[in-house]
Amino acid sequence: MPGNTPHHPSRAVAAWLFACCALVFAMVVVGGVTRLTHSGLSIVEWQPVAGTIPPLDEADWQAEFAKYKTSPEYRQRNFDMSLADFKGIFWWEFVHRLLGRTVGVAFLLPFLWFLWRGEVRGALAWRLVAIFALGGLQGAVGWLMVKSGLVDDPRVSSLRLAAHLGIAFVIYGAILWTALGLVAPPAERAPAGLVRAARAFAALVFVMALTGALVAGIHAGYAYNTFPTMDGHWIPPEVLLIEPWWKNLVYNMATVQLDHRLLAYTIVVFAGILWWRVRASRLSSLAPAWANALAIAVALQVCAGIATLLNRVPVPLAAIHQAGALVAFTCALGLAHSLAGAHYTRKAAGTPEL
């Protein structure tokens, strides 16, 4: 029986995980476009199986449109929407949900196959089980986010939006880190301080992405469309307008956008220092290449962010900006992984050596 034959994690396992990363990446970008086009509330039901089939004829479309007409968003904002307009927002949300199901199937079926063949086992197998469970949680959080906008106020909770994006980043990062561990050659460990700095930088990029979700959640990108100041102020006078003060961190456009900008400045400086330290360490691993890629990714991401702000959040630029966040996160994780010298040894099947 194949399951009785000893195997080490193969290149095929790594290729499968990288393919899953690509699918999650696509899902994050489509999710961002869904948000930007105000399409997220177009499907008012959660149907895990039946929801995989879109409307196939005019009667199906009319039935789906009738369901949408019962939603607060239609009654309060889109009461003059035509069926053709509804189809435009429906397809973005449908594709986003379909991608979510595709990621689940693309992860589960190969995992069961590799598990049966003995190519994943031990700590690696349990890590993959945890990632799949996190994917299930992501689906639940996504539906709770949508439900928050199907009430009297047709606006999804910005906190739930941030949680939804944050879990997507965690899933992507966990799959990527695992895949890198299967293909990265053994490398010398860098100085402990440099390893900690790289991990801290990856965490900072993650937090930056969360603040971006808060900006999107309250449409803060449509305010203060000047740079480098915010309508002539380095710190807008409205930053503490809401009581109690902590609500400004989530619900105040000025505060939320200021936090996002301050994190961007911090990341630029941090990335420059990290790049210099890696280059000065003269490591022979992939770390210098990852450091170069990270510096380029951060520079392009900042440019995309500024362009998105100055042009009042056009969908193409905003989508590029969201994709850029995931690219920067990828480079940050790649750098942290290469500096730590983490890899899965091929001498013991499925046993990670960190």
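This is a predicted model: local features need pLDDT of at least 70, side-chain atom pairs count only at pLDDT 80 or more; totals for chains, interfaces and linings use all residues.

**Stop one: the largest core.** Start by selecting Trp 16, Leu 17, Leu 128, Ile 175, Phe 201, Leu 335 and Leu 339, the residues with the most contacts inside the largest nonpolar core, which has 79 residues. Now colour the helices that give two or more residues to this core: α1 (11-36), α4 (83-117), α5 (122-147), α6 (158-183), α7 (192-217), α9 (253-281), α10 (287-310) and α11 (315-340).

**Stop two: around Trp 16.** Centre the view on Trp 16 and show Ala 106, Phe 107, Pro 110, Phe 111, Phe 114 and Leu 128; Trp 16 is in contact with each of these, leaving aside neighbours within four places in sequence.

**Stop three: a second core.** Next, pick Phe 65, Tyr 68, Leu 83 and Phe 86, which are among the 11 residues of a second, separate core.

**Stop four: Thr 308.** Move to helix α10 and select Thr 308. Is Thr 308 buried or exposed? Its relative accessibility is 7%, so Thr 308 counts as buried. Show Val 313, Pro 314, Leu 317, Ala 318 and His 321 as well: Thr 308 touches them, not counting residues up to four places away in sequence.

**Last stop: a distance check.** Finally, draw a C-alpha to C-alpha line from Thr 308 to Gly 100: it spans 27 Å in space, and the two are 208 residues apart in sequence.

Definitions and conventions. Residues are numbered from 1 along each chain as its sequence is written. Side-chain values use heavy atoms; hydrogens and water are left out. A nonpolar core is a set of buried Ala, Val, Leu, Ile, Met, Phe, Trp, Tyr and Cys residues joined through side-chain atoms within 4.5 Å. Buried means under 20% relative accessible area, exposed over 50%, partly exposed in between (1.4 Å probe, protein chains only). Helices (H or I, at least four residues) and strands (E, at least two) are DSSP runs, numbered from the N terminus. Contact means heavy atoms within 4.5 Å.
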